[in-house]
Amino acid sequence: MARIFAYIAHKNGMADDSAVELLAAAKKVDAAASPTAIVTGLGANLDAVCSTLRASYGEVWKVASEALAYPNAELIRKALVKIVPAGSIMLIAHEHFGIDLAPGLSIKLNAAFVSDVLAIDGIEGSNLKVVRQEFGGQVSAHVRCDISSGAVITVRPGAFKPTEGVALGGTVVDKSSEVSALTAGRRYLQTVVAEAGDVDITKHNVLVSIGRGIQEKDNVSIAQDLADALGAAVSCSRPVVDAKWLEKSRQVGSSGKTVKPKVYLACGISGAFQHLAGIKGNPFIIAINKNPKAPIFQAADVGIVDDILEFLPEFTNKVREMHSVSAK
Amino acid sequence: MEILVCARRVPDTSENEIALNSDGNDIERDELVYSINEPDNYAVEEALQIVARVGGNVTVATVGAEDDEEILRREMAMGANHGVLITDDAFAGSDARGIATILKAFVQKGSYDLILTGVQAEDGGAQVGGMLAALLDYPFASLVNSIEVVDGEKLKISREIEGGNKEISGIDLPCVLSIQTGINEPRYVGMKGIRQVASIPIPTYGATELALGASTVGAAAAKVTRVDYFVPALGKSAEMLEGTREENIEKLLELVAAKGGLK
Amino acid sequence: MIGLQSNAQLTSWLTQGQVLFLLIHILGVVCFAYIVAKRLEPLVRGQRDLRFDQPLARLGRVFKFWLGQWKHPRYRVAGTLHILIFAGFILLAMRAFTVLIVGVSQNFVMPGLSGRAGPIYNTVTDYAATVVFLCMVFAIVRRLVFKPSRYAVPARYGKAHTADAVFLLALIAILMVADSLFAAAKAAAESQQGRPLEVLAVFSLPWMLQSALASTSIPILGRLYFSGYLLHEVTFYFLLCYRPFGIQFHVETSLFNVYFSKLNRGTLKPVRLGVSDEHLDQVKSFGVKTFEDFTWKHMLDFYSCADCGRCSDNCPANAAGRPLSPRFISIKARDYAFQHYPMFGHAGNGKPLVGSKESGGIYSEDEIWSCTTCGACEEECPLLVEYIDKIVDLRRGMIDDGNVPQSLQKPLKALESRGNPYGKMEKKRGDWANAKDFQQNCRVKTLDKQNGADTLYFADSITSYDDRMQSIGRATAKILDHVGEKFGILGAAERDSGHEVRRFGEETLFMALRDHNVDAIKASGVNRIVTADPHAYNALKHDYKNVPFVEHISQVIAREVKSGKIKFNPLEDEKNVYTYHDPCYLGRHNQIYDDPRDVLDAIPNLERVEMTRSRDRSFCCGGGGLMLFYEPKEDERIGVKRVRMAAEAGANVIVTACPFCMVNIEDAIKVAGLEGKMTAIDLAELVDQQIARETQEVA
């Protein structure tokens, strides 16, 4: 059985949530495997991450290098090619870094590549069977991947629930010396932080979130009215920002903000994965959508099939009534 | 600057209902409307804007069959200088690496400074651009939402990362970039423009011209195969409120209050 | 004055100036000819326009609109003023010419005025000059003190036009004074000398000046006589040569503008006049991009605009705060013409008209997309300036260049691939007729080779696909059923009529939709079409050729009410007050105002009021078709303004006969906060609700 590796991203000394998810995915590939975590970076932050990962992974490979202080996928790919043995299975989280790193890595390792995997069914002969989605999540597909010369697999964040496990106390192996003189045709310059809008949606406990179903800019006020009545904030999915109905600072999703509210009202939102990826902390999700088949109803706790343009104003009125009654 | 955009014709997700066909081995394609993959369209618009600023040509290529020519014509109506159809029975069944291999052979027949693809297509793979770059040994960047030409040798680009932040990098030419939607506002392609390019001959490239054998492309060489399509049994899904609107509102109010959602 | 016997002394006063006067004549005429030639230069470079047909009909319009000042009374005060001024000018024309010629040929008398007609004419023109003078004074005071709002110039269009307007009004007043002074000085001199004189009209301006000069010495009178003449001549020629530099050019161009005005209301200008649809692929560039892409008649329109502001005063987009003011479409284009075709120097700059100021543009994109094509501007304009064709041509140019707002690209793409702007599947287009409960009462057949009918009910896209509007379709079907009409629908074979596609400038897509529909209609074998959608009605009637006779459902209902086939149950909600909102494409564009009203008035217990803005002054609901997808920048929604008008009229139910009006009005009721206080209903829905049907006998 091929060796399984998981590339772990990190920030400010903290490992990404995907660290334990990739571990769970690796167990699905081979229940008996002891996957190795790989982390790159520099200094105290890198060491802190390695310490944390030792609790879950039997072996942690550390690659420290000046060049890798900022995670530049082009450089990291070159580093990985030097240390990952041929025929290995490499697991990476499917988000902005993984998308950047993984496809090219599969070519350089001469391994097969499957992206955005939701479920792993197991190995059959020299094939790994996985489940993916297509057409924006409207259909699923079983996919067969020949892993005889290894594989690079990106895993959908949140698809694999971390398993309870015994704290392992793994070893940290320093692989830095095997990686020297890294150069690439792409050089990191700086990060431009998104402009803070007037409202910080990450700080709110209740969010009234709108999607394409709001239909036009003028209807955004319907959501704002409800938010005002609830003491909440209005957030949205990507299409609303693309249409310029709300600023980018209101976007919840993998390319927007990550929010951790207590209550999340998904109004006219279809439930595409990229949006749901921005909701953490297991809030109470209420979905209201005209389309009974919208994927959001899989992710929500409570669902209502209705037209938000009619439902929300009535709901707002009821909330206001309640407040005026309780105020008496 | 010579720019190549690798594009793909896909079922238009906004104007179609995607459902499984009766055999269960594919989606129902009879009444589907096809168009260019949306991120690829943004890529072509970006390419057009770049050559408007610095001069050059835009070529749009697709690996497919005769039906796929329509997107090449549409992008030529938009302003692309050349359209190329890369087609051969031998290419059928290729996986993403196979497609990237085919594109690599085509790229090496020409001399392109910049290669653009859309960040992903309908299969959500987001893979061909990165693979192509690695096969060519060109630098690569994905999720690009801004391109600035510094000079004939390098670009300054911005990538979309978490929280709406932007990662700014310098990248050497020639390179491959995968383009994210929203990078620009694509111009409208009118029916008149499409009719005007309807009879322009579109050159084709096959396995022979590209010197590609069955060991690297086609179904036999594919390591990744889709076995079927299915609609998963609905797992734990939402508790649906089935009453009248008033009843639903009452129930919802209770639930929201219970979860701490009412001040 | 005219026909005076020669008086050596008086004429000697003029003779001194003969050479001077002649020189001024020559200078004035030559300058004017040069200026006019320069003004014609861009017209020569413009696109062709076919306006030379039907001379009798055109002359008729000249009589009605130019001579008859037909549109002017729509604004009572300004209209009356202008009619008086215009009449005065017409009457004074011969007098003015005579005065001018007398300076060089003292005994000149206008042919026909040498006998008894002369003094009568003089009296009439004495009063005419007085009236014109008083009108000038009144007009100046009105401009400076009362400042009607429609003359105001919003900051983004530049400085106010008041100074120039007052200047010109003052000059005309001076012209009247000069003429009167000339006549008065002469009359005063003659009266002192005891000569037989013509009597100046009592209390006229010349008469009053004469009274003032009664005891002035003869030498001074002589100088006043000379000065009055010179002032008259100089002012006349100054005005003549100055008018082509501003809005007063309409004095010269108005007759031509009315003569060449559009005869066939409701049709749109083709992409290129003289090029048929089949040969359009030879035309490389569609629409108006540079100034010279306008036709010569459109350029003449720009010259003829009198800056009266009536168009913008009635424009719903303007009222809502959108960046469109039809008046400034004309004024800016006129200024462009003046700037790029100057008196001396070179012409044109070939830059696109639509674009930022830095790039040489005079219109913004939003300005051109904001128009709902309601036609209120064209309805008001006293000079018959055309706007819709120009807006459509400018849109054609933007579409040709790919310059289309993202919000419109999606519905256009959907129209191309699915034949409707919503992107819904073609095969579902006829599903509205299969609603379970409805089907039991009314079977609507889909026309095909096996199933034919006399009449086609053309539903069009919104009625077919929009949940709310489908009820209009069902109500219409039930009405047709009730009157025994043998009808069917095209169902999945129908495509969008393309009415707004065309008016948004996508001519090629429109032709594709039209050709598809025409084939489907022909294949169905119907000999009549009925629709409940005024946009479809207008398209089938004017944009489509070779289709059967088409009617709107309101016409059918009105006819069957008269024939007795439709009888109504009395309304039970006696406390409601109804008002009818005229849809633009039923009312203004096709003049169907009375049929819907007759239908409403035939319903017992229905109390109906008229809004102030009704019939041809109806205020657009906000627009239909693609306009529903456009996201304008505006202060207040057009529909909201309309709903408030209904409330002001005392109504709480708005009846309309167009599905787009229904969308906008129902939406506006919510936005205006009038939910529960105001409702809207379609005419077909109301009729279907109230038709007295025989109850089914229990078997």
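Student: How is chain C divided in this predicted model, and which domain covers 577–690?
Tutor: Let's walk along chain C of this predicted model. Domain 1 takes 8–245, domain 2 takes 288–400 and domain 3 takes 422–563. That leaves the stretch 577–690, which belongs to domain 4.

Student: How many residues does domain 3 of chain C bring to its contact with domain 4 of chain C?
Tutor: Start with the spacing: the centres of these two domains, taken over C-alpha atoms, are separated by 22 Å. Domain 4 of chain C gives 26 residues to the contact, and the number from domain 3 of chain C is 26.

Student: Which helices of chain C each supply at least two residues of the domain 3 side?
Tutor: Look at the side of domain 3 that touches domain 4 in chain C. By class, this side has 14 nonpolar, nine polar and three charged residues. The helices that each supply at least two of its residues are helix 19 (461–465), helix 20 (470–482), helix 21 (499–503), helix 23 (534–543) and helix 24 (553–563).

Student: Over to chain A. How many Å separate the centres of its domain 1 and domain 2?
Tutor: Chain A is split into domain 1 (4–178) and domain 2 (201–327). Their contact takes six residues from domain 1 and five residues from domain 2. On the domain 1 side, those are one nonpolar, three polar and two charged. Between the centres, over C-alpha atoms, the separation is 33 Å.

Student: Chain A has an open sheet too. Which strands are at its edges?
Tutor: Seven strands make up this sheet, paired in parallel, in the order 7-11-6-1-4-5-12. An edge strand pairs on one side only, and here that picks out strand 7 (112–117) and strand 12 (171–174) of chain A.

Student: What is the bridge partner of A:I4 in strand 6 of chain A?
Tutor: Strand 1 (residues 4–7) and strand 6 (residues 89–93) of chain A pair in the parallel sense over three bridges. Follow the pairing from A:I4 across to strand 6 of chain A and you land on A:I89.

Student: What angle does the direction of helix 2 of chain A make with that of strand 4 of chain A?
Tutor: Helix 2 (residues 43–54) packs on the sheet, where it touches strand 4 (36–41), strand 5 (59–64) and strand 12 of chain A. Its direction makes an angle with that of strand 4 of chain A of about 170 degrees.

Student: Why are the buried residues of helix 5 of chain A on the same side?
Tutor: In helix 5 (residues 220–230) of chain A, the buried ones are A:I222, A:A223, A:L226, A:A227, A:A229 and A:L230. They sit on the same side of helix 5 of chain A because the arc they cover around the axis is only 165 degrees.

Terms used
Residues are numbered from 1 along each chain as its sequence is written. Chains are lettered from A and ligands numbered from 1 in the order in which they are written. This is a predicted model: local features need pLDDT of at least 70, side-chain atom pairs count only at pLDDT 80 or more; totals for chains, interfaces and linings use all residues. Domain bounds come from an automatic or database domain assignment. Two residues are in contact if their C-beta atoms, placed from the backbone, lie within 7 Å. Helices (H or I, at least four residues) and strands (E, at least two) are DSSP runs, numbered from the N terminus. Ala, Val, Leu, Ile, Met, Phe, Trp, Tyr, Cys and Pro count as nonpolar, Asp, Glu, Lys and Arg as charged, and the others, Gly among them, as polar. Two strands pair if DSSP finds at least two bridges between them. Axes are lines fitted to C-alpha atoms, for helices over the stretch in contact, and angles run from 0 to 180 degrees between N-to-C directions. A residue is buried if 20 or more other C-beta atoms lie within 10 Å of its own, exposed if 12 or fewer, and partly exposed in between; C-beta atoms are placed from the backbone. The arc is that of the directions from the helix axis to the C-beta atoms.
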